[in-house]
Amino acid sequence: MSPILYWTLLIFTCGYAFYRGGRYERLVALVCLAGTVATISVDTPLAERYVDFEGSVLMVDLFVLSAFVTIALYSDRFWPLWVAGLQLTTSIAHFLKAVQPDLIPQAYGIALRFWSYPILIILIVGTWRAHQRRLREQAIAAPA
C-alpha cells in the first residue's frame, strides 16, 4: 500500500474533519493523526517489519481502539461504531500473529494497515453528513 496515498488521504480527511466536522469528527481525526505518528515512532526497521509480533504497534493500536470506543460510546452518531469495529479488526491481527508466529509478514502487515483506509473514508462521510445536518438546522433556525 502506497505511503503517498495514505498520507494524502490522511491529511485531506483530517483537514476536512477539522474544518467542517463537529466534536466527534475532530476527535477521531486527532486520534488518527496521533495514532499514525505514534505508529511511525515505534515501527521496527523496514527489513524486519512484520516478521515478528509487533508489541509496540499493538500498544498504539489498543490506545487508538480505546479512544475510538470511547468516542463511539459518547457520540450520538452511528459511524463511530464502524470506526471502532474496524480498529478492533486491526487489533485482532496482532493476536493472530502472536498465536500463529509463522504468519506471512506481508499478510500481517496488510492486516494491520488495510483498515486505516476504510476508517478514513468513514470519517469523510461522517464529517460530510454532520456538516450537512448543521446546514439544515441553521436553515430551519434562520428567521424568514
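Thr90 sits in helix α4 (residues 79-99), where helices (H or I, at least four residues) are DSSP runs numbered from the N terminus. With a relative accessible area of 2%, Thr90 is buried; buried means under 20% relative accessible area, exposed over 50%, and partly exposed in between (1.4 Å probe, protein chains only). Apart from neighbours within four places in sequence, Thr90 is in contact with Asp61, Ala111, Leu112 and Trp115, contact meaning heavy atoms within 4.5 Å.

This is a predicted model, in which local features need pLDDT of at least 70 and side-chain atom pairs count only at pLDDT 80 or more, while totals for chains, interfaces and linings use all residues. Residues are numbered from 1 along each chain as its sequence is written, and side-chain values use heavy atoms, with hydrogens and water left out.

Trp115, a contact of Thr90, also belongs to an aromatic pair with Phe114. The structure holds six aromatic pairs. Rings of Phe, Tyr and Trp (its six-membered ring) pair if their centres lie within 6.5 Å; planes under 30 degrees apart count as stacked, over 60 as edge-to-face and the rest as tilted. Two of the pairs are tabulated here.

| Pair | Centre distance | Plane angle | Class |
|---|---|---|---|
| Tyr50 and Tyr108 | 5.8 Å | 85° | edge-to-face |
| Phe114 and Trp115 | 4.8 Å | 85° | edge-to-face |

Tyr50 lies in the loop between α2 and α3 (55-74), and Tyr108 in helix α5 (residues 105-113), so their pair ties together parts that are 58 residues apart in sequence. Both Tyr50 and Tyr108 are buried. Phe114 is partly exposed at 37% relative accessible area, and Trp115 is partly exposed at 27%. Elsewhere, ring pairs link Tyr6, Trp7 and Tyr117 into a cluster.

Tyr6 and Trp7 also take part in the contact between α1 and α2. Helix α1 (residues 3-20) packs against helix α2 (residues 23-42) at an angle of about 150°, with the axes 8 Å apart. Axes are lines fitted to C-alpha atoms, for helices over the stretch in contact, and angles run from 0 to 180 degrees between N-to-C directions. The angle makes α1 roughly antiparallel to α2, a term for angles over 145 degrees, with under 35 roughly parallel, 65 to 115 roughly perpendicular and the rest oblique. On the α1 side the contact residues include Leu10, Cys14 and Phe18; on the α2 side they include Glu25, Arg26, Leu33 and Ile40. By class, the contact of α1 with α2 has 12 nonpolar, one polar and two charged residues.

Technical notes:
Helices (H or I, at least four residues) and strands (E, at least two) are DSSP runs, numbered from the N terminus. Ala, Val, Leu, Ile, Met, Phe, Trp, Tyr, Cys and Pro count as nonpolar, Asp, Glu, Lys and Arg as charged, and the others, Gly among them, as polar.
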